[in-house]
Amino acid sequence: RRNNLRICLQPSKTSELLIASRPREDIMLTLEEWRLAVRLARQAFIAYTENKKIIEPRDLPPVFEEKRGVFVTLHKDGDLRGCIGYPQPIMPLGKAIVDSAVNACARDPRFPCVRPAELERIEVEVTILTLPQVYAEPKKKLPELVTIGRDGLIVTRGPYSGLLLPQVAPEWGFDPLEFLSQTCVKAGLPPDAWLDEDTMVEHFQAQIFAEVAPEREVF
């Protein structure tokens, strides 16, 4: 089990079928595009860690110009070492990956900045999100609608907001009710805040690829 509610989960055949039936903006990247995405994240956090340099994404396939939500996660020896990203598609994928990688290694408030001596022990994971959608159904029905292992959640009320990626729930053994509650807690709200009419609950799906070991094959 990896710390702080962040793990890496290999995509299932079911999730592949679900994603394959979505509109163009949510279609999965090819394996080669995924390798490039993970490599870009690694290059970005290494360049910043070693030289405080922010690289420019160059010579990448057209998908990296599309706006996508993305998170970059760093693991060291199986434990979380940083995880920051953009839930909404506010910038091109290539730039979002670079920014998220830099933020994960140097600006995650839970951890000190990554040091150059750590680089050889850090694995990179990239998660690309579909566009978050607000649940339109009555709040009491939400536990019936959340699919564990497929859905990620965002809970927002006023200035409070919390997000848990889809891979969190199966790793921690959450059922849909606990997943909703833990997302509220992540937002700094009471566990049952998802039932309040002033609380917005959104769901999304994600594609997740990671290195099997530092600088090794991507799965």
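1. Strands here are DSSP runs of E with at least two residues, helices are runs of H or I with at least four, and both are numbered from the N terminus; two strands pair if DSSP finds at least two bridges between them. The two strands form a hairpin with two residues between them, and Asp77 in that turn has a positive phi of about 55°. His75 has Leu80 of E2 as its bridge partner.

2. Residues are numbered from 1 along each chain as its sequence is written, and side-chain values use heavy atoms, with hydrogens and water left out.

3. How confident is the predictor? The average pLDDT of the protein is 87, and 88% of the residues score at least 70; pLDDT is the predictor's confidence in each residue, from 0 to 100. The stretch to watch is residues 1–25, where pLDDT stays under 50 and the model has 55 contacts beyond four places in sequence. Where pLDDT is low, the predicted coordinates should not be read in detail.

4. Now the overall layout. The protein has six helices and eight strands, and along the sequence they follow the pattern α-α-β-β-α-β-β-α-β-β-α-α-β-β. Of its 219 residues, 52% count as buried. Taking the contacts (heavy atoms within 4.5 Å) with a separation of 6 or more, 73% are between residues 24 or more positions apart.

5. Next, the inside. A nonpolar core is a set of buried Ala, Val, Leu, Ile, Met, Phe, Trp, Tyr and Cys residues joined through side-chain atoms within 4.5 Å. The largest one has 36 residues, and those with the most contacts inside it are Phe45, Val72, Leu74, Ile97, Val124 and Val126. H2 gives the largest share, 11 residues. Apart from this core lies another, of 17 residues, among them Leu142, Val168, Ala193 and Trp194.

6. Val124 deserves a click. Leaving aside neighbours within four places in sequence, Val124 touches residues including Val38, Ala41, Phe45, Val72, Leu74 and Phe209.

7. Phe209 also turns up in E8, where both faces are covered: Ala206, Ile208 and Ala210 on one side and Gln207 and Phe209 on the other are all buried. E3 and E8 pair in the antiparallel sense over five bridges, with Val126 standing opposite Phe209.

8. What about aromatic rings? The count comes to two aromatic pairs, taking rings of Phe, Tyr and Trp (its six-membered ring) with centres within 6.5 Å; planes under 30 degrees apart count as stacked, over 60 as edge-to-face and the rest as tilted. The rings of Trp34 and Phe209 have centres 4.5 Å apart and planes at 15°, so this pair is stacked. Because Trp34 lies in helix H2 and Phe209 in strand E8 (residues 206–210), the pair ties together parts that are 175 residues apart in sequence. Trp34 and Phe209 are both buried.

9. There is also an open sheet of four strands, in the order E4-E7-E5-E6, with antiparallel pairing. Its edge strands are E4 (133–134) and E6, each pairing on one side only. E5 and E6 pair over five bridges, and Thr156 stands opposite Ser161 in E6.

10. Which is which? Arg68, in the loop between H2 and E1, is buried with a relative accessible area of 4%. A polar contact of 2.8 Å joins the side chains of Arg68 and Glu66; such a contact is a pair of N or O atoms within 3.5 Å, where within protein one must be able to donate a hydrogen and the other to accept it, and residues adjacent in sequence count only if both atoms are side-chain atoms. Pro159 sits in the loop between E5 (152–157) and E6 (160–164) and counts as exposed at 76% relative accessibility.

Technical notes. Predicted model: local features only at pLDDT ≥ 70, side-chain atom pairs only at ≥ 80, totals over all residues. Buried < 20%, exposed > 50% of the residue type's maximum accessible area, 1.4 Å probe, protein only.
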